[in-house]
Amino acid sequence: MKKHIPNLFTLMNLFSGMIAVIMAATDELVLAALFVFLGIFFDFFDGFFARKFNVEGELGKQLDSLADVVTSGVVPGIIMFQMMLYAAKGQWFMELSCEIGNWRDYQDTYYYFLPFSGLFITLAAAYRLANFNIDERQTSSFIGLPTPAFSIFVVSLPLILYYSGNSFFNELLQNFYVLLGITILGCYMMNAEIPLFSLKFKNYGWKGNETKYLFLLGTLVMLVTLQTVAIPLTILYYVLLSVIDNTIKK
């Protein structure tokens, strides 16, 4: 029975991801984000129990990637599409209405198709996950930004719009070009040859774990002070610490 426990958690990740897909497609972006967080929670524990029970195998490895494609690939792609669609309407409708007269004409312009570029996130995530399965270098650390990390970044954006009340960030996240920039940068970072540290602890002493403890401490401070805004900033902090750590080691 032990060997099936990690796969059960993986399937719960996939189930959460499928619910999140439905929520995102029906414009329930906050609920979609919550189910993505739940899926990533299950994703963490499938690996934890696989290592604990020493039942890591090829089936679990492939199943885990398939579940992550949905939870950390399809869902953030749809959420980014929805956010880009809102941003495009807000930015371009008034400008175009003077020229073409009505909403139907607006939809017929090529501007209407630009938000589909948000789905590039899904393509980049699928490519990274497939590459991860055959890359033997990523056993104790990561090469490129993990898909769950960038998924957390993307799904947190609607949470900021709904709950932060910060006018600067709200205005920033309703700008189509900002969202497009996030999409392009995220797709690149997931597949870039940039070493990033893992949060797996071989021991809990300070020596050798300095970067991990600094990350956890900084994350806690940001969550307390910035709340929802802290979620995407935590991912940026993770990348920054990794780059600094790599520079010091070199």
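Reader: Is Phe 168 buried or exposed?
Author: Phe 168 is exposed, because its relative accessible area is 55% and the cut-off is over 50%. Keep in mind that this is a predicted model.

Reader: And Phe 169, what does that count as?
Author: Phe 169 counts as partly exposed, at 23% relative accessibility.

Reader: OK, switching to rings. How many aromatic pairs does a search of the whole structure find?
Author: The search turns up 16 aromatic pairs. Take Phe 81 and Phe 116: the ring centres are 4.8 Å apart and the planes sit at 40°, so this pair is tilted.

Reader: Which parts of the chain does that pair link?
Author: Distant ones, 35 residues apart. Phe 81 is in helix H3 (residues 58–100), while Phe 116 is in the loop between helix H4 (103–108) and helix H5 (120–134).

Reader: Phe 81 first: buried or exposed?
Author: Phe 81 counts as buried, at 17% relative accessibility. Phe 116 is partly exposed, with 39%.

Reader: Which residues form an aromatic cluster?
Author: Phe 9, Phe 41, Phe 42, Phe 44 and Phe 45 form one.

Reader: Now the largest nonpolar core. Which residues touch the most other members?
Author: Out of 45 residues, those are Ile 79, Met 80, Leu 145, Phe 150 and Leu 157. Elements giving two or more residues to this core include helix H1 (5–25), helix H2 (29–52) and helix H10 (230–249).

Reader: What does Phe 150 touch?
Author: Leaving out residues up to four places away in sequence, Phe 150 touches Ile 121, Leu 145, Ile 182, Gly 186 and Met 190.

Notes. Residues are numbered from 1 along each chain as its sequence is written. This is a predicted model: local features need pLDDT of at least 70, side-chain atom pairs count only at pLDDT 80 or more; totals for chains, interfaces and linings use all residues. Side-chain values use heavy atoms; hydrogens and water are left out. Rings of Phe, Tyr and Trp (its six-membered ring) pair if their centres lie within 6.5 Å; planes under 30 degrees apart count as stacked, over 60 as edge-to-face and the rest as tilted. Helices (H or I, at least four residues) and strands (E, at least two) are DSSP runs, numbered from the N terminus. Buried means under 20% relative accessible area, exposed over 50%, partly exposed in between (1.4 Å probe, protein chains only). A nonpolar core is a set of buried Ala, Val, Leu, Ile, Met, Phe, Trp, Tyr and Cys residues joined through side-chain atoms within 4.5 Å. Contact means heavy atoms within 4.5 Å.
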